[in-house]
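This briefing goes through the structure shown below by topic.

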Amino acid sequence: MSVRRAAVIGGNRIPFARSNGPYARASNQDMLTATIDGLVARFGLQDERLGEVVVGAVLKHSRDFNLTREAVLGSKLSPDTPAYDVQQACGTGLETVIVVANKIALGQLESGVAGGVDTTSDAPIAIHEDLRAVLLEARRATSIGGRLKALSGVRPRQLVPAVPSNSEPRTGMSMGEHQAVTTLEWGISRAAQDELAVASHHNLAAAYERGFFDDLVTPFLGLTRDQNLRPDSSLDKLAELTTVFGRGESATMTAGNSTPLSDGAATVLLASDEWAAEHRLPVLAHVVDAETSAVDYVHGDRKADGLLMAPVYALPRLLARNKLSLGDFDCYEIHEAFASTVLATLAAWADGAFCRQHLGLTGALGSIERTKLNVNGSSLAAGHPFAATGGRIVAGLAKQLCQNGGGRGLISICAAGGQGVAAILEA
Amino acid sequence: MNDRYLGLVNTQIGSALASRVGLPRPAVLRRYQAGAPLLAGPVLLGSISGTAPPALAGLLAGAGADTRTTDAGDVAWAGLVLDATEVSAPDQLAGARTFLAGPLRRLMPCGRVLVLARPADGTDVTVDASRQALDGIVRSLAKELQRGATANLLLIEQGASLESGVRFFLSGKSAYIDGQSLRLGAGPAPPPTDWNRPLAGKTALVTGAARGIGAAIAGVLARDGARVVLADLPQAGEALVKVANRIGATTLHLDVAAPDAPERLLTYLAAHTDGLDVLIHNAGITRDKLLVNMAAEQWDSVLAVNLISQLRINAALLGGEQLRAQARVVCLSSTTGLAGNRGQTNYGATKAGVIGLVRSAAREFTAHADSTINAVAPGFIDTEMTARMPMATREVARRLSSLQQAGLPVDVAEAVGWLSSSGAGGVNGQVLRVCGQNLVGA
């Protein structure tokens, strides 16, 4: 069996909105269906049977057990298009790209859509865990007496609903609190974080201004650009913000250098070169390879095994397998969960002692030219609807590489649970 | 926007009432439906000298029309076609009266009167005067016709192909074209393989396609078999997707007024198509103000979108590789461009400018492998834009035409669709009004 490289044809996403903003009443299915329909319209895929649509959401209602398939059925794609959900926290979007690309590489698919969607506004609020136990117990009872006895266990405090939060189940710490530890351990300064955040806003704004997103984004519910974008963001403005994660004098993380809770969806169209040619669709780039990783953030080293440090470990393995070094890329897309995540990741790769001790290398992995980093902005400016970020990055990077007339791009995304996903695109 | 009055006046009570008090009685127009016959009844064919021309009879019969050459005196006619190409002296014009007067009394609702003539060509004063006289006959007759019937004049140059034009003007596709004359030249006008899908195999691009007339044009082009690319501003993307997925088209976010728009368009066409057969310059904006109150920005933006973009994109296409042979370009003008409109000096400039553009560019497009460029000038058309007018103003404006009603976006779209077809190759550098013979602007 021969293996081929899957082609990235393009993408479509809706502008990302801040939580409880313009998409407050839109469900994951609403956003995903609109995003798929925009992709269908852009590439003329009406009534087309695609190989598979693979999408995920991090925050999901239990009724959305077949979210992607339902969205496909509500879209203009052929109802004969199979679909399923994938979930790997913030790595979801990139993971779906890898899944679809691998199936195309193996010849199991000719075409497919990958992507992600998330809403923090229309979140799945659940009933109190104790109340759930009581209700299930009552259901299991066989007599009326037994049922009443079970229901007598209901207590007023159980009526408080369980609202999903982005805290880690095993530590009880929020993602921001985890990252505050990492930030401190790696000595990432407030100024460096704010500088990265300003660059993200300015790069995203400039990309909008030059029409870069004209064939990547379709407005939704009246929103035409990412709501979080502040084109006039500056170091002075960011310096005024109070810190929100970390404690006391050493706290450096603010709402300005952390991603806000957001709503949105993103999709990527992948295919074999043959399918693309048959459909008269130009290829932007190819998916070369991918690698996932995880760290023991629960028991591990405070500095080396931070919650969002896993991509640091994925990359050396990915580079070695492809006989590449860190400098061999024209564009780097490092997901800005927090400005300090990106900076800690870069610091780790540049740290010879760390790389020898933890990555099994003979010296530092290397450093990158900052002018090649997140050139069209990233999550700090655009927002970060968890599962949608991977699709946003893949489509944007593929287009940028194509516009450059070729080149190689690297993607690194950190995810809850101490996980990381990395991938290489080439045009 | 529903025309409530039109609905009311077409009920039994409403019709009687309107007739009694002398209110306008607009008819529900006969519009094209796929598979419907060309005409709802028989067509009477005659000529200025009395004998019906056999070629024309064959053409009509070939189009499926029940064609007759004598008026039995009790037949209700769906169409009257008069060949007046022989007219060379004023006394022959009486032949028009002889042919039309009797059967006109039995013209069916939404009937068609179509007169074929030669254009005045400056070689003989008597001939030219007589030919021009037909224009006056048709325009006046169009104002006399009732119940949605129309009269139009086709000016036929030597060697022109008649078939496509005659079919269009008899069909429901020309429902809102009335009292107009259009010149058919000798340019190549190959008939389509399938008259129901005249644009099969063609690639078309419509600017400003997210709503209104642009969306209707896109729908007609897709219905006629074209692969349609819908262009509009990125901000209109949400509406554009809905149009594209309804008609089966692809979307292109493009600001036609952007400096790099022509280049981006060519790049897109090169990557996604095998070249462009049909381009519809529909994108347009209004920034109405009296000239004394108009800001520079209001002036400049209207000029940039409505006129300058067309000039630049046309130049790029003619200079590039993406415009195919026998291409068709249709530019949206407006009756404002012909008659002017208070508060629209900027808009009027662009819409008149477009007329100058097509007249001047016609030769250049002919040189591009027999391509054509024409303008369509809509009159009062019911769109989201007119829905925002004050009710009284809108009601009055709707009645100010021979058909006593506003047109629909599809009426404009049908005219554009016909001019985009191969069979309309004889029409070049022309302006076709779709205005129900609006009283404004001749």
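The domain assignment of chain A gives domain 1 (129–159) and domain 2 (175–212 + 288–426), with bounds that come from an automatic or database domain assignment. The centres of domain 1 of chain A and domain 2 of chain A, taken over C-alpha atoms, are separated by 48 Å. This is a predicted model, in which local features need pLDDT of at least 70 and side-chain atom pairs count only at pLDDT 80 or more, while totals for chains, interfaces and linings use all residues. Residues are numbered from 1 along each chain as its sequence is written, and chains are lettered from A and ligands numbered from 1 in the order in which they are written.

**Chain A overall**

- Chain A has 14 helices and twelve strands; helices (H or I, at least four residues) and strands (E, at least two) are DSSP runs, numbered from the N terminus.
- Chain A has a radius of gyration of 22 Å, close to the 22 Å that the globule rule gives for 427 residues, so chain A is as compact as a globular protein of that length. The radius of gyration is taken over C-alpha atoms, and the globule rule is 2.2 Å times the number of residues to the power 0.38.
- Taken along the principal axes, the box filled by the C-alpha atoms of chain A is roughly 75 × 60 × 45 Å.
- Buried residues make up 55% of the 427 residues of chain A. A residue is buried if 20 or more other C-beta atoms lie within 10 Å of its own, exposed if 12 or fewer, and partly exposed in between, with C-beta atoms placed from the backbone.
- Of the contacts in chain A with a separation of 6 or more, 81% are between residues 24 or more positions apart. Two residues are in contact if their C-beta atoms, placed from the backbone, lie within 7 Å.

**Helix packing in chain A**

- Two packed helices are described by the angle between their axes and the distance between the axes.
- Helix α3 (residues 92–105) of chain A and helix α14 (residues 389–403) of chain A have axes that come within 5 Å and cross at roughly 60°. Axes are lines fitted to C-alpha atoms, for helices over the stretch in contact, and angles run from 0 to 180 degrees between N-to-C directions.
- α3(A) and α14(A) are therefore oblique to each other; angles under 35 degrees count as roughly parallel, over 145 as roughly antiparallel, 65 to 115 as roughly perpendicular and the rest as oblique.
- On the α3(A) side, A:T92, A:G93, A:L94, A:T96 and A:V97 meet A:T389, A:G390, A:G391 and A:V394 in α14(A).
- The residues of this contact of α3(A) with α14(A) comprise three nonpolar, six polar and no charged. Ala, Val, Leu, Ile, Met, Phe, Trp, Tyr, Cys and Pro count as nonpolar, Asp, Glu, Lys and Arg as charged, and the others, Gly among them, as polar.

**Contact between the chains**

- Chain A gives 18 residues to the contact and chain B gives 15 residues.
- The side of chain A that touches chain B has seven nonpolar, five polar and six charged residues.

**Domains of chain B**

- Chain B is assigned domain 1 (1–28), domain 2 (31–184) and domain 3 (203–434).
- Taken over C-alpha atoms, the centres of domain 2 of chain B and domain 3 of chain B are 29 Å apart.
- Domain 2 of chain B puts 20 residues into the contact, and domain 3 of chain B puts in 17 residues.
- On the side of domain 2 of chain B that touches domain 3 of chain B, α5 (125–144), α6 (163–170) and β6 (181–184) of chain B each supply at least two residues.
- That side of domain 2 of chain B has nine nonpolar, five polar and six charged residues.

- A:N20, a residue other than glycine, has a positive phi near 60°. A:N20 is in the loop between β2 (17–18) and α1 (28–43) of chain A and is partly exposed, with 15 other C-beta atoms within 10 Å.
- B:Q437 is not a glycine either, and its phi is positive at about 55°. B:Q437 is in the segment after β13 (431–434) of chain B and is buried, with 23 other C-beta atoms within 10 Å.

**Two buried residues of chain B**

- B:L6, in helix α1 (residues 4–9) of chain B, counts as buried with 20 C-beta neighbours inside 10 Å. Not counting residues up to four places away in sequence, B:L6 touches B:P26, B:V28 and B:Q405.
- B:Q322, in the loop between α10 (296–319) and β11 (323–332) of chain B, counts as buried with 20 C-beta neighbours inside 10 Å. Beyond four places in sequence, the contacts of B:Q322 are B:L266, B:L269, B:A270, B:G275, B:L276 and B:L317.
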